[in-house]
Amino acid sequence: MLDPRSEIYTSIEYRPIQPSDLEVLEKIHLSLFPIRYEREFFLNVVNGHGIISWGAVDTSRSDEGRDELIGFVTTRMIAAKDSEIEDLFRYNYSHKDLTLLYILTLGVVDSYRNLGIASSLVREVIKHAASVSNCRGVYLHVISYNQPAINFYKKMLFKLARRLPMFYYIRGQHYDSYLFVYYVNGGRMPCSPLEIVTSFVVDFRAFLKMLVNKFWSKEEKSIPRWSRCKESTTLLASQNNNKRIISGEDTRCHV
C-alpha cells in the first residue's frame with residue numbers, strides 16, 4: 001500500500017541554507033543531536049562562512065511554512081593533508097593540493113523521515129564535491145554503534161576506509177568510529193603493494209595508540225576520585241580532527 005506521505009515527495013525542494021533559517025536550524029539540531037552546538041556554528045552555516053550547506057523545504061505547506069527547513073546537511077571543504085585519510089592519497093604526486101568535503105551534520109525532522117530526503121541531500125553534497133576539480137571525495141565519521149547511519153552510507157555507496165579506535169569520548173567511555181568515503185574525480189582506495197603497506201602502517205599506529213590510551217585509562221582509575229576534574233554536563237565536540245570528545249546525559253550520536 002502506498003504511504004500517503006509519499007504524495008508530498010514531489011513538493012520537496014532543495015536550496016542553500018540562508019540567514020532566515022537560523023532559528024529553525026538551531027531548533028532542529030537541538031532536537032536531533034546530543035551535541036549542543038555553539039551559536040557561532042549556526043551563524044557560519046547560514047552566512048556561508050567556511051561552511052557549505054543545503055536545506056530541504058516542503059513547498060506544499062502554507063505560506064508561513066512553505067520555505068521552512070525540514071532537513072539539512074552542513075559540510076566543510078578541507079585539505080586532504082589535514083584529514084585522517086591523507087595517507088590514502090599519497091599515490092598522487094599532487095596530493096598536497098587535494099581537498100575533501102567533510103560532512104559535519106545531516107538531519108531530517110521526524111515527520112519527513114523515509115521520503116528519501118537525506119539521500120537527496122547527500123547527493124547534493126556529492127554533486128558539489130565532483131564539481132571541484134581538486135576534490136577527491138566526501139567523507140565523514142560514524143560512531144561504531146550507530147548501525148542505521150552505517151547502513152545508510154553503505155547504501156549510498158560510501159566506502160569504509162578504516163575504523164578509528166577510541167575516536168569518541170562520551171561520558172567517560174571511549175567509542176570507536178567508522179570513517180566512510182565517497183570518492184570523486186578519480187579518487188580511489190590504495191591498491192598497489194606500496195599503497196596498501198602505507199595504509200596498514202597508519203592503521204597499526206592507530207592500534208598502538210589505542211593500547212597506550214587504554215593503559216593510561218587504567219592508570220587514571222587508580223587516582224583518587226577527589227583529585228580528578230569534575231566532568232561537564234554539556235556536550236562538546238573537540239576541534240581536533242583526530243578525536244571527538246562528547247560528554248553529557250544523552251549518549252546518542254548522529255554523525
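Me: Which residue of β7 stands opposite tyrosine 139?
Reply: The residue opposite tyrosine 139 is valine 181, in β7. This is a predicted model, in which local features need pLDDT of at least 70, side-chain atom pairs count only at pLDDT 80 or more, and totals for chains, interfaces and linings use all residues. Residues are numbered from 1 along each chain as its sequence is written, and side-chain values use heavy atoms, with hydrogens and water left out.

Me: What makes β5 and β7 a pair of strands?
Reply: Two strands pair if DSSP finds at least two bridges between them.

Me: What makes β4, α3 and β5 a right-handed unit?
Reply: The label right-handed applies if, with the strands pointing away from the viewer, the path from the first strand over the helix to the second runs clockwise. The β-α-β unit made by β4, helix α3 (residues 117–131) and β5 is of that hand.

Me: Which strands pair with β2?
Reply: Strand β1 (residues 12–15) is joined to β2 by 4 bridges and runs antiparallel to it; there, glutamate 13 faces valine 57 of β2. Strand β3 pairs with β2 over 6 bridges, also in the antiparallel sense, and the bridge partner of isoleucine 52 is threonine 75 in β3.

Me: How do you know that the buried residues of α1 line one face?
Reply: Helix α1 (residues 22–32) has Leu22, Leu25, Ile28, His29 and Leu32 as its buried residues. Seen down the axis of α1, they fall within an arc of 135°, so they line one face of the helix. The arc is that of the directions from the helix axis to the C-beta atoms. Glu23, Lys27, Leu30 and Ser31 are exposed on the other side of α1. The buried residues of α1 pack against α2 (39–47), β3 (69–79) and β4 (99–108).

Me: What puts the buried residues of α4 on the same side?
Reply: In helix α4 (residues 147–155), Ala149, Ile150, Phe152 and Tyr153 are buried. They cover an arc of only 160° around the axis, which places them on the same side of α4. Pro148 and Lys155 are exposed on the other side, while the buried residues of α4 pack against β4, α3, β5 and β7.

Me: Does leucine 157 count as buried or exposed, and where does it lie?
Reply: Its relative accessibility is 55%, so leucine 157 counts as exposed. Leucine 157 lies in the loop between α4 and β6 (159–170), and its phi is near 70°, a positive value in a residue other than glycine. Most residues other than glycine have a negative phi.

Me: What makes methionine 166 buried?
Reply: The relative accessible area of methionine 166 is 6%, so the residue counts as buried. Methionine 166 sits in strand β6 and has a positive phi of about 55°, although it is not a glycine.

Me: What is the mean pLDDT of the chain?
Reply: The mean pLDDT is 78, and 69% of the residues reach 70 or more; pLDDT is the predictor's confidence in each residue, from 0 to 100. The value is below 50 over residues 1–6 and stays under 50 over residues 222–241.

Definitions and conventions: Buried means under 20% relative accessible area, exposed over 50%, partly exposed in between (1.4 Å probe, protein chains only). Helices (H or I, at least four residues) and strands (E, at least two) are DSSP runs, numbered from the N terminus. Contact means heavy atoms within 4.5 Å.
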